[in-house]
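Biologist: I have not looked at this one before. Can you put it up and take me through it?
Modeller: Here it is.

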Protein chains: 2
Amino acid sequence: MITIGQLARYAGVSTKTIRVYHDKGLLPEPSRDSSGYRRYTAQHAIDLIKIRTLAEAGVPLARIRDLKAAPGEEFRRALHQVDVDLTARIQKLRQTRRRLRQLAAGQIQMLPSEVTGHLQRLPGVGFSPRWIAMETGLWILVFATHPDTAADLFHDQAQALTDPALRQMYLDYDRAHDLDPTDPRLGDLARRIVAATNSRYGPGDLPGQVTGSAIPALIQEAVNASSPAWQRLDTLIRDQLRT
Amino acid sequence: MITIGQLARYAGVSTKTIRVYHDKGLLPEPSRDSSGYRRYTAQHAIDLIKIRTLAEAGVPLARIRDLKAAPGEEFRRALHQVDVDLTARIQKLRQTRRRLRQLAAGQIQMLPSEVTGHLQRLPGVGFSPRWIAMETGLWILVFATHPDTAADLFHDQAQALTDPALRQMYLDYDRAHDLDPTDPRLGDLARRIVAATNSRYGPGDLPGQVTGSAIPALIQEAVNASSPAWQRLDTLIRDQLRT
DNA sequence: CTGCAACCTTGCCCTAAGGGCAAGGTCAAG
DNA sequence: CTTGACCTTGCCCTTAGGGCAAGGTTGCAG
């Protein structure tokens with residue numbers, strides 16, 4: 001015959017927790033002593049430990065209450081389901097921990113690993129950090145807006161970079177960022193881009209517009225904003241595509 | 001420039017979650033388009049993924065908000081602490097899963113393993129299931145009421161059972177449960193118990209009373225209630241101790 | 001053009017599993 | 001006889017969102 005505090009310490013919970021379990025019908029109210037204190041038996045301790053085991057496994061209290069009334073067969077199946085769910089939760093927490101460590105290393109995965117792998121190889125071929133950052137943001141938006149087709153689009157772009165001429169063209173685009181908007185090399189570059197685009201995708205479609213969406217235009221707008229030269233380049237390209 | 005729904009799907013959360021993060025100052029409110037819709041950038045997506053990583057690791061949202069403003073050094077240390085806590089949580093869940101499986105097997109651990117081990121060996125020496133059940137309940141109450149001294153008391157009792165004469169005495173106590181309260185063998189047993197108790201603990205102390213607490217008396221009361229013969233036996237023992 | 005479904009907006013209330021506090025009664029020890 | 005550690009009930013508070021209402025927007029189909 002123990003008090004609520006002793007039972008609580010024994011089970012490693014607070015007295016409030018025990019009272020809540022009484023209110024919710026999980027644990028029967030014990031009898032009271034002469035001064036109105038609750039007096040618990042060993043059976044209450046056993047029940048409480050079982051309840052806590054389920055509660056710590058993530059089973060909602062209402063479910064635990066129902067389970068106590070369930071026949072043995074259903075109870076056994078329910079316990080197995082709880083075990084499965086718990087295992088899944090542990091697995092998910094482990095994955096969260098992996099991502100937490102990526103975050104700590106500043107290497108958090110925002111995109112499919114084939115994309116991040118590709119982006120990580122770009123500095124080695126001469127692209128600037130600014131370009132990489134722009135590409136990263138761009139692909140995040142593409143994957144957010146077109147989850148279904150983004151991977152195909154990405155494969156197409158990645159494949160384009162394996163062509164030395166196309167790669168050089170993108171490198172020139174990258175470097176054009178700091179040119180004067182009146183630099184004649186911009187016109188040259190615009191012509192090369194239009195030609196390459198036409199030969200790769202046919203006339204009338206900029207890469208990225210293949211999805212038929214207006215989103216890449218918005219991206220382009222943001223891209224242009226960061227450099228007057230790029231803005232000029234965009235204008236030149238549009239002019240030449242229109243003719 | 002994506003909508004709240006696209007951002008939500010990309011990050012694997014609900015739109016409500018994103019709005020809550022705005023309200024709590026975790027994620028900056030993005031600009032609105034002409035019809036008042038929120039329009040998010042890739043940077044928002046990056047921030048959101050980071051926030052979710054911390055949130056899923058169990059960091060309270062208020063803490064995450066403060067962390068964003070923390071200097072790099074403190075941030076790094078905080079991340080490490082989160083990692084440690086998360087690892088501890090995973091470990092605890094694994095332990096919960098172990099206890100869940102014990103529960104499924106009907107073998108849940110209510111007492112230190114040395115005690116349960118001892119109790120499991122009792123049937124092999126001839127004690128009845130009823131006796132084991134009584135001992136189990138008894139030890140639960142003792143460990144609940146006297147966590148500090150219970151282990152010592154238990155060791156003493158377990159050691160007593162290694163003496164063949166004492167063990168036989170406890171076996172006789174067990175079997176006395178079903179005797180007629182007037183059976184003369186009860187007087188015999190009472191004498192042996194008193195003699196053994198006196199020689200082991202000195203005169204005047206029943207085992208269990210060594211803790212100086214009234215609790216064992218309450219236990220004894222409950223024990224007696226289950227059998228008229230045991231009740232009679234208790235009376236006989238008290239009589240003889242008094243003389 | 002019109003409808004319809006799927007979005008978006010704010011505002012409000014609801015939930016689970018307790019925590020915390022108040023105001024009062026009880027118990028054991030010095 | 002007081003003091004500190006218990007116990008009692010009752011009430012409000014918290015976290016991280018979920019759900020719903022009432023209304024505005026957008027895009028697509030017929």
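**Around the DNA**

Biologist: Which residues come nearest to DNA strand C?
Modeller: Of the 18 residues around DNA strand C, the nearest are S14(A), L61(A), T3(B), G5(B) and R38(B); a residue counts as near if its C-beta atom, placed from the backbone, lies within 6 Å of the strand. This is a predicted model, where local features need pLDDT of at least 70 and side-chain atom pairs count only at pLDDT 80 or more, while totals for chains, interfaces and linings use all residues. Residues are numbered from 1 along each chain as its sequence is written, and chains are lettered from A and ligands numbered from 1 in the order in which they are written.

Biologist: Which helices supply that surface near DNA strand C?
Modeller: Helix 2 (15-23) and helix 4 (61-69) of chain A and helix 1 of chain B each supply at least two residues. Helices are DSSP runs (H or I, at least four residues), numbered from the N terminus.

Biologist: How do the residues there divide?
Modeller: The surface near DNA strand C has 7 nonpolar, 9 polar and 2 charged residues. Ala, Val, Leu, Ile, Met, Phe, Trp, Tyr, Cys and Pro count as nonpolar, Asp, Glu, Lys and Arg as charged, and the others, Gly among them, as polar.

Biologist: Switching to the two chains. What rotation superposes chain B on chain A?
Modeller: A rotation of 180° with 0.0 Å of shift along its axis, at RMSD 0.2 Å, fitted by least squares on the C-alpha atoms of residues with pLDDT of at least 70 in both. That is the relation of a two-fold axis. The same surface serves both copies, as 100% of the contact residues of chain B recur in chain A.

Biologist: Which residue of chain B comes closest to the axis?
Modeller: I90(B), with its C-alpha at 3.0 Å.

Biologist: And how many residues are in contact?
Modeller: 39 residues of chain B with 39 of chain A, contact being C-beta atoms, placed from the backbone, within 7 Å. Helix 5 of chain B gives the largest share of its side, 17 residues. By class, that side of chain B has 24 nonpolar, 6 polar and 9 charged residues.

Biologist: What about the largest nonpolar core, who touches the most other members?
Modeller: Among its 30 residues, I140(A), F143(A), A144(A), L7(B), A45(B), L48(B) and I51(B). A core is a set of buried Ala, Val, Leu, Ile, Met, Phe, Trp, Tyr and Cys residues joined through C-beta atoms within 7 Å, buried meaning 20 or more other C-beta atoms within 10 Å of a residue's own, all placed from the backbone. Helix 7 of chain A gives the largest share, 6 residues.

Methods:
Two residues are in contact if their C-beta atoms, placed from the backbone, lie within 7 Å. A residue is buried if 20 or more other C-beta atoms lie within 10 Å of its own, exposed if 12 or fewer, and partly exposed in between; C-beta atoms are placed from the backbone.
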